[in-house]
Amino acid sequence: MTSAERTAMSPVLHAERPPATARSVATAAMIGTAIEWYDFFVYGTSVVLVLGPLFFPTTDPLTSALLAFSTLGVGFLIRPVGAVVFSHLGDRVGRKHALVFSLLLMGAATIGVGLLPTYTQVGLWAPALLVLFRCVQGFAVGGEWGGAVLLAVEHAPAGRRGLYGSFPQYGTPLGLLGSSAAILLAQAMPADDFQAWGWRLPFVASVVLVAVGLWIRIRVSDAEEFLQARQQGVTVRRPVALVLRRHWRAVLLGTAVTFVCHAAYILTSFLPAYATTVLGVDDDAALTSLMVASGASIGVLWLLARRVDRHDRRWFAAAGGLFSALWIYPAFALAGWAGGNGLILGVTVGLSVLMVQYAVVPALLAERFPVEMRYSGISLCFQLSAIIGGGALPILASWLVKSAGGSYAPAAALMAVAGLITAAAALGTRPMVQGSHRTGGHTELS
């Protein structure tokens, strides 16, 4: 079947839909993503305050914090496995089913962390189980982003893919804001109570959020483009394998384009942890920096999302990577120079700058892959970059900073390099040129 025939037989990505339907689906994708990222971020935020001494106790606070921070990388390393499993399900069965399953897994793992015994109670079993639950979180979130993005993009009206595709991106700052606020509220209790059991409340509270998320996602349907493609037999038996064989260049570029998204954990997790353990910044300032940064970035994303459809998306993605690379050193320096206020300013500007890239990535990647393997394509891009940007970089940053006697320079350099790689890759992306032929009852791209 030729590209022209497929276009004639099924709605294309640009197809018009009632705006109310597109908005409701995009909003549902945003809410579900925010809940799932709340679960993921409540772990990363807790690393700054409590998980280090409770699960990795040492005589050196910095060492405890760095060991706990390194477990962030474990969750990222498993994310590509989740991406393969969930994207296969999403391309073969439906985006909705994959998203419901990922939300259930994420919620179960987050609640599990909140119920874990500590090192003083069970010894080495405590960090081992913590790492296990972090792996489950990583597996679940590996299937989240691609499905949520496609629900929004594939339902979008003509010429509005950038705007509607940006809706799931609000999930990241909203999840970070919610997790930081939950921990800050828990910290309002007496310090001994917080250390003993109060830190568990933000994790266990996930049971309510997951119930809300499931109710929302069950009510959402897949887009007509995907449903009609399945009815016409335009499906792929092994979408991940075919994407890697036919679109490996797009996967490599897409992985590089999303690199700085994951390297940003150096800004949102490592920098606050470094400020509290090395620079003596108050814990409340670390949480406040994440909350203020999240609120500001939501506003910046809202402003940018309304403009991305009018311009070349590649320039937005490149600018986000470049600005992130330029700002990371000042962000660390401000925390050292101005303490808590400097930390708040550094994280807020850094996360807001990242929104320049965040606003366009969903539509930019979705346009690079055909519908029958789109979930697999964009999920591989996003999660392969997580191996390096979110998996290796936190571990490497921890080791380099420790080896450098506590200097932040190596951590800042890692994120700067990630931003430059993203900028270069964004400028090298090209629109997909699609053709197809049917082979043995399934579609093979030519």
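Q: What is the handedness of the crossing of helix 19 and helix 22?
A: In this predicted model, helix 19 and helix 22 cross in a left-handed way.

Q: Why is helix 19 called roughly antiparallel to helix 22?
A: Helix 19 (residues 313-358) and helix 22 (residues 409-428) pack at an angle of about 165 degrees. Angles over 145 degrees count as roughly antiparallel, so helix 19 is roughly antiparallel to helix 22. Their axes are 6 Å apart.

Q: Which residues make the contact of helix 19 with helix 22, and what classes do they belong to?
A: Helix 19 contributes residues including Trp 315, Gly 321, Ile 328 and Phe 332. From helix 22 come, among them, Ala 412, Met 415, Gly 419 and Leu 427. By class, the contact has 18 nonpolar, 5 polar and 1 charged residues.

Q: What makes helix 17 and helix 18 roughly antiparallel?
A: Once again, look at the angle. The axes of helix 17 (residues 265-277) and helix 18 (residues 283-305) cross at roughly 160 degrees and come within 9 Å. The cut-off is over 145 degrees, and helix 17 and helix 18 are therefore roughly antiparallel to each other. Helix 17 passes helix 18 in a right-handed crossing.

Q: Where do helix 17 and helix 18 touch?
A: Thr 268, Pro 272 and Thr 276 of helix 17 meet Asp 283, Ala 286 and Leu 290 of helix 18. This contact has 3 nonpolar, 2 polar and 1 charged residues.

Now to the aromatic rings.

Q: Why is the pair of Phe 86 and Phe 101 called tilted?
A: The structure holds 14 aromatic pairs, and one of them is formed by Phe 86 and Phe 101, with 55 degrees between the planes and 5.5 Å centre to centre. Stacked planes are under 30 degrees apart, edge-to-face ones over 60, and the rest count as tilted. The pair of Phe 86 and Phe 101 is therefore tilted.

Q: What does the pair of Phe 86 and Phe 101 tie together?
A: Phe 86 lies in helix 3 and Phe 101 in helix 4, so the pair links parts that are 15 residues apart in sequence.

Q: Is Phe 86 buried or exposed?
A: Phe 86 has a relative accessible area of 0%, and buried means under 20%, so Phe 86 is buried. Phe 101, at 40%, counts as partly exposed.

Q: What makes the pair of Phe 270 and Tyr 274 stacked?
A: Their planes lie at 20 degrees and their ring centres 6.2 Å apart. Planes under 30 degrees apart count as stacked, so the pair is stacked. Both Phe 270 and Tyr 274 are buried, and together with Phe 332 and Tyr 408 they form one aromatic cluster.

Terms used: Residues are numbered from 1 along each chain as its sequence is written. This is a predicted model: local features need pLDDT of at least 70, side-chain atom pairs count only at pLDDT 80 or more; totals for chains, interfaces and linings use all residues. Side-chain values use heavy atoms; hydrogens and water are left out. Axes are lines fitted to C-alpha atoms, for helices over the stretch in contact, and angles run from 0 to 180 degrees between N-to-C directions. Helices (H or I, at least four residues) and strands (E, at least two) are DSSP runs, numbered from the N terminus. Angles under 35 degrees count as roughly parallel, over 145 as roughly antiparallel, 65 to 115 as roughly perpendicular and the rest as oblique. A crossing is left-handed if the near helix is turned anticlockwise from the far one by less than a right angle, and right-handed if clockwise. Contact means heavy atoms within 4.5 Å. Ala, Val, Leu, Ile, Met, Phe, Trp, Tyr, Cys and Pro count as nonpolar, Asp, Glu, Lys and Arg as charged, and the others, Gly among them, as polar. Rings of Phe, Tyr and Trp (its six-membered ring) pair if their centres lie within 6.5 Å; planes under 30 degrees apart count as stacked, over 60 as edge-to-face and the rest as tilted. Buried means under 20% relative accessible area, exposed over 50%, partly exposed in between (1.4 Å probe, protein chains only).
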